[in-house]
Amino acid sequence: MPSDVKIAASWKEKLDNEFKMEYFEALSEFVKSEYKTQTIYPPGKEIFRAFDSCSFDDVKVVIIGQDPYHGPGQANGLCFSVRDGIRQPPSLVNIFKEINKDLGKPIPATGDLERWARQGVLLLNATLTVRASTPGSHQNKGWETFTDAVIKLISERKTNVVFLLWGAYAQKKGEIIDRSKHLVLMSAHPSPFSADRGFFGCKHFSKANDYLKSKGLKEIDW
């Protein structure tokens, strides 16, 4: 990995064995060489931003995305999120529309979801890096194995976490979650191609909060 990568201590400790595995070392070498020779998103220091912004102990909600955004200045290490001042991508616009309909909250000016991460929402892409303008370019290099291990770790070591699985890809990735001790909410993906087929009206944000409240946990200010 690039040398300036940041990750919260609680994750570092729990994922230490994963980082030492052969597949991860190969992935690391691949990612390093890509950053040296290509334009890669997000910036190197933000690869693990999802983990740096939300410690293992704080995780209450997990949202699973697929690839980071591959346009200039968009990806910031949190799935569905873009940095301040960047136009909100269509899926994020639809997420905010659903929150507005579900909870009556105004649509925010910024698409940076750091504020969610700080409250315990792990915004996890299945693949943590991507080549500029080339979606899927870093798939099947080892990232999916790593993020499966993260989901398994949360499922096994924590209780009462809400998993939001939007679209077939996230739902397949979430098959390893223990549904007897966590809440799994599934719907269509918020992309404009599918949002009308079950994402709009899913009320996942109020349902997540109702569940957290029922377990004596603080709700998320979406």
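The model is predicted: local features need pLDDT of at least 70, side-chain atom pairs count only at pLDDT 80 or more, and totals for chains, interfaces and linings use all residues. Residues are numbered from 1 along each chain as its sequence is written, and side-chain values use heavy atoms, with hydrogens and water left out.

Select residues 143-157, which form helix 7 (helices are DSSP runs of H or I, at least four residues, numbered from the N terminus). From first C-alpha to last, the 15 residues of helix 7 reach 21 Å, close to the 21 Å expected (1.5 Å times one less than the number of residues). Now colour the buried residues of helix 7, among them Trp143, Phe146, Val150 and Ile154 (buried means under 20% relative accessible area, 1.4 Å probe, protein chains only).

Next, show the largest nonpolar core, which has 67 residues (buried Ala, Val, Leu, Ile, Met, Phe, Trp, Tyr and Cys joined through side-chain atoms within 4.5 Å). Helix 7 gives the most to this core, with six residues. Phe146 is one of the residues with the most contacts inside the core. Centre on Phe146: beyond four places in sequence, it touches residues including Leu15, Phe19, Phe51 and Leu128 (contact means heavy atoms within 4.5 Å).

Finally, select the cysteines. The whole structure has zero disulfides (pairs of cysteine sulfur atoms within 2.5 Å). Cys79 is buried at 0%, and its sulfur is too far for a bond because the closest cysteine sulfur, in Cys54, is 11 Å away. Cys202 is buried at 7%; its sulfur lies 14 Å from the closest cysteine sulfur, in Cys79, also too far for a bond.

Definitions and conventions: Helix = DSSP H or I, 4+ residues; strand = E, 2+ residues; numbered from the N terminus. Buried < 20%, exposed > 50% of the residue type's maximum accessible area, 1.4 Å probe, protein only.
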